[in-house]
Amino acid sequence: MTHADAKLRVSGLNAAYGQALILTDVALEVGAGEVTALLGRNGAGKSTTFRAILGLIANRSGKVIFNGEDVSALATYDIARRGLGYVPEDRRIFSDLTVEENLLVGRQAPRAGAPTWTLERLFKIFPNLRELRGRPGGRMSGGEQQMLTIARTLMGNPSLVLLDEPSEGLAPKIVEQMIEAIRDMKREGLSLLVSEQNLHFARLVADRAYVIEKGRIRFAGTMAEFDARPDVRDAYLAL
Amino acid sequence: MAPLFSRSWPLALRVSVQHARVFPLNFYFDQFVTGLASACSLFLVASGLSIIFGVTRIVNFAHGAFYMLGAYIGFTLTEQFSGAFGFWGAILLAAIVVAAIGTLIEIILLRRIYDAPELFQLLATFGVTLIVEDLALLIWGPNELLGPRAPGLKGAIDLFGLPFPTYDLLLIALGPLVLGLLWLLFRRTTWGVLVRAATQDREMVAALGVNQKWLFTSVFALGVFLAALGGALELPRQSANHTMDLQVITEVLVVVVIGGLGNVLGTFLAAIIVSELNAFGILVFPKISIVLVFLVMALVLIVRPWGLLGRAEAAARAAGGAAILRWRPLAARGRLAVVLALAVLALAPLAVGDYYLTVATEVLIFVLFAASLHFLIGAGGLVSFGHAAYFGLGSYGAALALKQFGLGMEAALIAGPLLGLAGAILFGWFCVRLSGVYFAMLTLAFAQIAWSVAYQWSDVTGGDNGLLGIWPSAWAAAPAHFYWLTLALVAAGIAALRMILFSPFGYSLRALRDSELRAEAIGLERRRIQWISFAIAGGFAALAGALYAFLKGSVFPDNLGIPLSIDGLVMVLLGGVDTVSGGIVGAALYRSLSIWIISHTDYSKLALGLLIVVLVVLFPKGVVGAFESWRARRAPRTGGESS
């Protein structure tokens, strides 16, 4: 399934921590305006895939094409500057900084081909943040932090966002808000790559899915194709 | 290396001793206000160090050198310009010039080694310090330079009947002003927000698209600017000299540790505390004035391990630790090689003359010293900045046994290590309560306490004059005989250290280094194990120190000084922290090189500094580490190994 207009195209991606190989020949694509899910169990290599794409792992090889440009050799900040946003699994809020200051760190100039976000627009999607704008990031609930970390990434006006396990550890009500937020972002024209363990969540937001296990891609297809393959689910995702 | 604190502190001490013990109340007040004025420069320098550390995680040892450069360049510039405008312009310009130099060093040197272990950056900046010291000597000469008085502020005002310099009043006002400006800079500008974010999580800041290269560079430039400004502002108060760098850096490290690393307000408070302790310590306890500051620091660290306003470090990178190399005892071939090497060394006296035997003896002694420090750093992950304390205690223990108690060399060689062991047990108890940079700072503080006791307690230690006439017994007096004795003891010491390293105790120690949490979870008692290893390392360092006393025939406070502690670190890092034999190879290389350099040039610091900087850039894993990864590359299937 090769899209000529793929937003992100990863091929032959290998990554290792020390001498332990984590990713082997990972290949995946995210189409423009599409929400793609990366499914896998704990430790399957989802977060490592994201970190390798962003150049946060020193020991890696392979090709990362973003917007038709090879960014494999670029520094992390340079990749982010090209409009590739990243929301880490552990949120990594700057706990000493206020909500507003956290957002300020993420701010980048508007760019063509990507939605432009302002504080006001973000506060519309995440109304909680408006009330908390002067509060230190460290003194927020997990759900609020998750919203903040997404908003912070959006401040960079990305055209594609890597969203690492957005539903992890959140209360059901917050998960619903998260689903809405992802749909909002998609409506704005953003492309998303969302890693998930929660199949229900993935079904509600994703157009296509990849399944990763032990650092290798085991399945690629639309969500409908994935649902037609219970063997894939049982082999690589069931606990 | 030159004695460190011989100029300024003891001078103040002598002055204080001349005074009567009871002073009028207004004198105390005057002393208090003088302390406040001194706090200004100290705060400027310390806040610069603190800011740099916060973002770049570099303990910038060269900060003292930048402070000194600020004073020297300020001196030159104030000579050029006159009038109030000229004076203040010159002070400011000096700070800017030094900041530019610092920026250049950051771009050329530090950028290459940000990813190296923290200690490498310390080493590199220590190398820079050495270079700057000799350059200052070359450019401005060896004499102290008396700076100009500030125009319009030359006089003194009457403060409860005592004259008080108006310039000091200005400094007292300047401290809070700078504090306020820094606060505004960090709270009210985008740059400040980015810096604070980077202080917390550099990787995330990069993932958000911030080019940290320039953030680091600008932070470094600001920090250096503050240091240089602090130095230039001291010109009207004290003369510029080429020992002021190490003097200020010790005080600054203390300030930063008391206040909390990375916390500017804490730095401000701590600068006042330290300055007041200096001001009053001399009056109240003239004999232990230096000790007082360090005692307070030790106390603060025990009560609040991260300083007054600091917070716990989020899992700081260990100095060694990330060892991918597999450590293993020597295999049969390795043992054979060691036996052969020992045989060759033992036969050396047949081939070389007395001079080279003496040099070889010295190198051997430092091999043991470095091996003991390597045991602590490499296996324990405990980076000591003050390992010379135990070396020096060994020297003094041996010398005192000989001089005060009339024992022979044999007994002295036991007494020295015992004193070092006792010191390590006492100091270690405190030190193992901390970890990371704070552990390093506390070891430095204790080394300074030991140094100042040796320096000030002249009735027993001879003070600056040291203890002379520490010669070996007749049977060991010939260079060849003393060489053999040293070789035997050093070989035995290193063999013992290696046996401990590959014993269950050594495994526990390395387990704690690699993951404190996991090791404690399986029942290893961190403090006790690290305390014992601290004592072991101290004991063997003291054995080296005792031998050194007999080699040189004398003992001086230098034997406990910071330069020697740093030498130890250089040797270990040069050899390679992550390797088993790094300390041995590093010591042999570095000591031979430095002896050779010192005998061949008047500017040995310049040469050594350049050498350190080049080696750090070329061999970020140390010499042995570089060799072993080269070997691993040639035989990829075996993986990395170290023996």
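Two strands count as paired if DSSP finds at least two bridges between them. Strands and helices here are DSSP runs (E, at least two residues, for strands; H or I, at least four, for helices), numbered from the N terminus. The model is predicted, with local features needing pLDDT of at least 70 and side-chain atom pairs counting only at pLDDT 80 or more, while totals for chains, interfaces and linings use all residues. Residues run from 1 along each chain as its sequence is written, chains are lettered from A in the order written, and side-chain values use heavy atoms, without hydrogens or water.

**Exercise 1. Work out the strand order of the open sheet of 4 strands in chain A.**

Step 1: read across the sheet. The order is S2-S1-S4-S5, with antiparallel pairing.

Step 2: name the edges. S2 (20-31) and S5 (69-70) of chain A each pair on one side only.

Step 3: zoom in on one pairing. S1 (residues 6-17) of chain A and S2(A) share 8 bridges in the antiparallel sense, and A:Ala6 sits opposite A:Gly31 in S2(A).

**Exercise 2. Describe how domain 1 of chain B meets domain 2 of chain B.**

Step 1: Chain B splits into domain 1 (38-303) and domain 2 (326-642), bounds that come from an automatic or database domain assignment. Their C-alpha centres are 32 Å apart.

Step 2: count the contact (heavy atoms within 4.5 Å). Domain 1 of chain B puts in 39 residues and domain 2 of chain B 38.

Step 3: get the buried area, that is, the accessible area (1.4 Å probe) that two parts lose on being put together, summed over both. For these domains the value is about 3,500 Å², with 83% from carbon and sulfur atoms. On the domain 1 side, B:Leu119, B:Phe120 and B:Leu123 supply 17% of the area buried, more than any other three residues.

Step 4: check for salt bridges (a side-chain nitrogen of Lys or Arg within 4 Å of a carboxyl oxygen of Asp or Glu). The rule finds 1 across this interface. The side chains of B:Glu133 and B:Lys605 meet in a salt bridge at 2.7 Å, N to O.

Step 5: see which elements of domain 1 take part. Helices H5 (118-140), H10 (244-259) and H12 (289-303) of chain B each give two or more residues, and H5(B) gives the largest share, 15 residues.

**Exercise 3. Describe the interface of chain B and chain A.**

Step 1: count residues. Chain B has 21 in contact with 24 of chain A.

Step 2: read the area. About 2,000 Å² is buried between the chains, 56% of it on carbon and sulfur atoms.

Step 3: list the charged pairs. The rule finds 4 salt bridges across the interface. A:Glu101 and B:Arg196 meet through their side chains in a salt bridge at 2.9 Å, N to O.
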